[in-house]
Amino acid sequence: MKAVILLSGGLDSSTVLYQAKEDGCECYAISFDYQQRHRKELSSALMVGKRAGIIQHQVVNFDLRQWGGSALTDDKIDLPQQRSLDEMADHIPVTYVPARNTIFLSFALGYAEAIAAERVYIGVNALDYSGYPDCRLDYIQAMQEVFRLGTKQGREGEGIKIVAPLIELKKTEIIQLGNQLGVPWNLTWSCYAGGDAACGVCDSCQLRLAAFAELGLEDPINYV
C-alpha cells in the first residue's frame, strides 16, 4: 500500500511518518519550502525521511511571502513568545498561515494520485495545538470529501484516504507513540524562530517542551 506523508520535520509529522511505516505503507514524503521563517525544518524533514527509509522525498517550492498574513511568512509580524498554554488555545494566533493545510493537501493529493497511492498521512492535532482551523476533525472530514469528488481515483475507484492518526492525541501521547515507534527526536525541528538552535519561547517550542517535561523526559534538540 502506497502512502504520501506530509513531512515538515517536526515532532508530529515525524511520528506520522513512522506510524505509516508501522501500518505497512510504502512511504513517499512531501515537504514544502514556502519561504517560511523557519526553513530549517526542511533539513530536519530530509534527515528524518532518510532515517525512516522512505522511497522518495519531494520538496515543493513556492512563495507564500508574496502575500504574507502570518508571522511565519511576514517579518513585520512578531512571533508570539512566552505565552501560556491557555493563551495559545484562546484564539487563532498570528502564526496561522492562511489556507496552508489546504494548499499542502492539494499538492499531496496530486502527488498521491499520480503515483496511485491509497493514502495521504497528515500530522494535524486538535487537542494540544495553537488553535489553527485547519487542524480540526471537521476540516479533515471536509477535505476527505474534496479528495473523493476532485479526483479520477475518487470518482471511478477506491478513493485516496486522508489518515490523521494524531488528531485526538495530546502532545504527551504523541511523544509516547513516537517513542514506541522509534522516532529520532534529535533529528526533528519544531521552532518557529528559524535560528540554529530552537528559541524555547515560541508557541511551538513551548508546547513541545511542556510535553517532554510532563513525561519526565529531556528534549534532545538544542535550545538557546
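The crossing of α7 and α8 is right-handed, meaning that the near helix is turned clockwise from the far one by less than a right angle. The contact (heavy atoms within 4.5 Å) involves K171, T172 and I175 on the α7 side, and L207, A211, F212 and E214 on the α8 side. By type, these residues are four nonpolar, one polar and two charged; Ala, Val, Leu, Ile, Met, Phe, Trp, Tyr, Cys and Pro count as nonpolar, Asp, Glu, Lys and Arg as charged, and the others, Gly among them, as polar.

A word on provenance: this is a predicted model, where local features need pLDDT of at least 70, side-chain atom pairs count only at pLDDT 80 or more, and totals for chains, interfaces and linings use all residues. Residues are numbered from 1 along each chain as its sequence is written, and side-chain values use heavy atoms, with hydrogens and water left out.

Now the cores. A nonpolar core is a set of buried (under 20% relative accessible area, 1.4 Å probe, protein chains only) Ala, Val, Leu, Ile, Met, Phe, Trp, Tyr and Cys residues joined through side-chain atoms within 4.5 Å. Which residues touch the most other members of the largest one? They are V4, L6 and V120, out of 43 residues. At least two residues each come from β1 (2-6), β2 (26-33), α4 (100-114) and α5 (137-149), with α4 giving the largest share, six residues. Another core, of 27 residues, lies apart from it and includes V16, Y18, L166 and A211.

Key: Helix = DSSP H or I, 4+ residues; strand = E, 2+ residues; numbered from the N terminus. Buried < 20%, exposed > 50% of the residue type's maximum accessible area, 1.4 Å probe, protein only.
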